[in-house]
Amino acid sequence: MIYYSQLDPPELEYHIFNYVNVLLGNGDGTFRFGDVKPSGYPRVHTGDFNNDGRLDVLANGGASLGNGDGTLQDFLGSDIYLGNVPNPVGDFNGDGNLDVLSDDRHISPQLWLGNGDGTFRLGQYIDTYNGSTAIGDVNADGKLDIVEAASVFSLSGPDPFFDTVTTLSVRVLLGYGDGSFAPPNTME
């Protein structure tokens, strides 16, 4: 199990730095502390980013390669910002390496293409609007697509935060399988 923590060190009760913590299973439903690595804030995803058959960790700031024994190597630096895409990892360009859809709310989402060694290079900026983003093969052609819903939050009701959520439209960007996408198809 791998989880994210803001504790320094992770056992203490004050917040200073951000960490990825590996918890090793004891086989009885309990866990013990494994490796701890400083990372960016706040998302963590896993995958085999260097194709060695071992689970690696992706966090803001890049990938940390797994050694296969519950320990991690230092993070390989990158400018990837893992936003709100629930599972941003997949092979978008069909080269056998895992890629990442970065979803920074301040700029357009970016596709980061995996080099197969745990590092990434910047691919295409994705022409989407600020909404909920997901990836999947929506047209069953074996290529990853992007789906995004644009929503509006109304603050006029009794709940001062999010009284009403209205989905205005859904956009689908069909993937070509080479790391690029067709123009968005909008459904309202």
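Rings of Phe, Tyr and Trp (its six-membered ring) pair if their centres lie within 6.5 Å, and planes over 60 degrees apart count as edge-to-face. The close-ups below come from a predicted model.

**View 1. Aromatic pairs across the structure.** Searching the whole structure turns up 2 aromatic pairs. Let us visit them in turn.

**View 2. The ring pair of F49 and F120.** Here the ring centres are 5.8 Å apart and the planes meet at 70°, so the pair is edge-to-face. F49 sits in the loop between β4 (44-47) and β5 (56-59), while F120 belongs to strand β11 (residues 120-125), so the contact ties together parts 71 residues apart in sequence. F49 is buried, at 2% relative accessibility, and F120 is buried too, with a relative accessible area of 10%.

**View 3. The ring pair of F92 and F181.** This aromatic pair is edge-to-face, with 6.0 Å from centre to centre and 65° between the planes. Distant parts of the chain are linked here: F92 lies in the loop between β8 (89-90) and β9 (99-102), and F181 in the loop between β14 (164-173) and β15 (185-187), 89 residues apart. F92 counts as buried at 2% relative accessibility; F181 is buried with a relative accessible area of 10%.

**View 4. The open sheet β8-β9-β10-β11.** In this order, 4 strands form an open sheet with antiparallel pairing. β8 and β11 stand at the edges with a single partner strand each, so one side of each has no neighbour in the sheet.

**View 5. Where β9 meets β10.** The antiparallel strands β9 and β10 (residues 110-114) are joined by 3 bridges. Look for V100, whose bridge partner in β10 is W112.

Key: Residues are numbered from 1 along each chain as its sequence is written. This is a predicted model: local features need pLDDT of at least 70, side-chain atom pairs count only at pLDDT 80 or more; totals for chains, interfaces and linings use all residues. Side-chain values use heavy atoms; hydrogens and water are left out. Rings of Phe, Tyr and Trp (its six-membered ring) pair if their centres lie within 6.5 Å; planes under 30 degrees apart count as stacked, over 60 as edge-to-face and the rest as tilted. Helices (H or I, at least four residues) and strands (E, at least two) are DSSP runs, numbered from the N terminus. Buried means under 20% relative accessible area, exposed over 50%, partly exposed in between (1.4 Å probe, protein chains only). Two strands pair if DSSP finds at least two bridges between them.
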